Amino acid sequence: MAQQIENVGVLGAGLMGHGIAQVAAGAGYSVVLREVDEGTLQKGLGKIEKQLARAVEKGKSTQEEADVVRGRITGTIHYQDLADCDLVIEAITESLPLKLEMWREVDQIVKPQAVFATNTSSLAVIDQAAVTSRPGQFVGLHYFNPAQVMKLVEVVRCVTTDDEAFATALEFARSEGKLAIPTKDKAGFIVNRLLVPYMLDAIRAYEEGVGSVGEIDEAMKAGAGHPMGPLTLADFVGLDTLGSICDVLFDEFRERRFARPPTLRKMLSAGWFGRKSGKGFYDYSGDSPVENAGL
Ligand code: CAA
């Protein structure tokens, strides 16, 4: 039987965390959103406010409704404020040492019956569960970017997850209006296992001169019906994130299809992380993106 959830903690207010917090608040949960410092926290809260304002402008919600959703979110820089959460979802940097350090601390503060979830894209869920005192109450809840829009949440069961925690996670994702698909704790789960090699192959196709950045993207949009071309998508996901996911997949499976293409490695050295840094396969500094002339 699923546990009753009222208070949700979200760790990290970045690309994924702010969206996960907004979705939970939109579904009626009371949310505590934690960031490392006040500046980063305000940036995340600002993104939520912008999205809520956009929905009002478009007539998708009223100002009152937007205010109610915003009112359900409390920002903090202290783990202590998560003490009373029934569910804590982490969406911090995709680094196992950082996640483990965070869970060790959070585990001591949050009430013992609470369920913990990681939004990791590729790291093994069990590695995080194992450092807590509640490996039975640990799951993966993997959202997709933008979390406010994408319908899917992969609900990941690791070897220690108990039936009640898994049912709680499935029920929670469904209560947010998401399509909750159960999956096992295998690197990349379902979507990234298939999507990451696709994006990497698009980079290799570019390296081999099959087409320009724009041609590869336009071809996949018009020829395969994708909403975004693979190189636009790579920029959207974040090239640093893509790089760390493919490293984890390569370490796990030792298959060439998961290896970092040289172009990606060089772009990361240059600090080109995609849309979030202003430059990736495209340059985002103007009114509309243009192909990155430096490539
Ligand atoms: N945050 C919140 N909402 C957003 C948004 C954002 N960043 N970007 C767009 N939206 C909303 C818009 O407000 C709009 O909402 P309404 O329909 O209510 O008006 C809706 O999304 C559609 O937006 P647009 O009309 O501006 O643009 P679009 O039709 O091109 O859609 C898109 C934008 C939804 C992002 C679409 O291009 C798309 O689906 N792209 C593919 C995204 C994708 O594949 N994501 C998965 C990435 S992989 C991942 O996340 C997993 C991982 O672990 C790496």
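Tutor: Here is a close look at one helix pair and the sheet beside it. This is a predicted model, where local features need pLDDT of at least 70, side-chain atom pairs count only at pLDDT 80 or more, and totals for chains, interfaces and linings use all residues. Residues are numbered from 1 along each chain as its sequence is written, and side-chain values use heavy atoms, with hydrogens and water left out.

Two packed helices are described by the angle between their axes and the distance between the axes. Helices (H or I, at least four residues) and strands (E, at least two) are DSSP runs, numbered from the N terminus. Axes are lines fitted to C-alpha atoms, for helices over the stretch in contact, and angles run from 0 to 180 degrees between N-to-C directions.

Take helix 2 (residues 38–57) and helix 3 (residues 63–71). Their axes come within 9 Å and cross at roughly 160°. That makes helix 2 roughly antiparallel to helix 3 (an angle over 145 degrees). Contact means heavy atoms within 4.5 Å. Helix 2 supplies Leu45, Glu49, Leu52 and Val56. Helix 3 supplies Gln63, Ala66, Val69 and Arg70. These contact residues divide into five nonpolar, one polar and two charged (Ala, Val, Leu, Ile, Met, Phe, Trp, Tyr, Cys and Pro count as nonpolar, Asp, Glu, Lys and Arg as charged, the others, Gly among them, as polar).

Now the sheet. Helix 2 lies across strand 2 and strand 3, at about 160° to strand 3. Eight strands form this open, mixed sheet, in the order 3-2-1-4-5-6-7-8. Strands pair if DSSP finds at least two bridges between them. Strand 3 (73–76) is one of the edge strands, pairing on one side only.

Note on methods. Angles under 35 degrees count as roughly parallel, over 145 as roughly antiparallel, 65 to 115 as roughly perpendicular and the rest as oblique.
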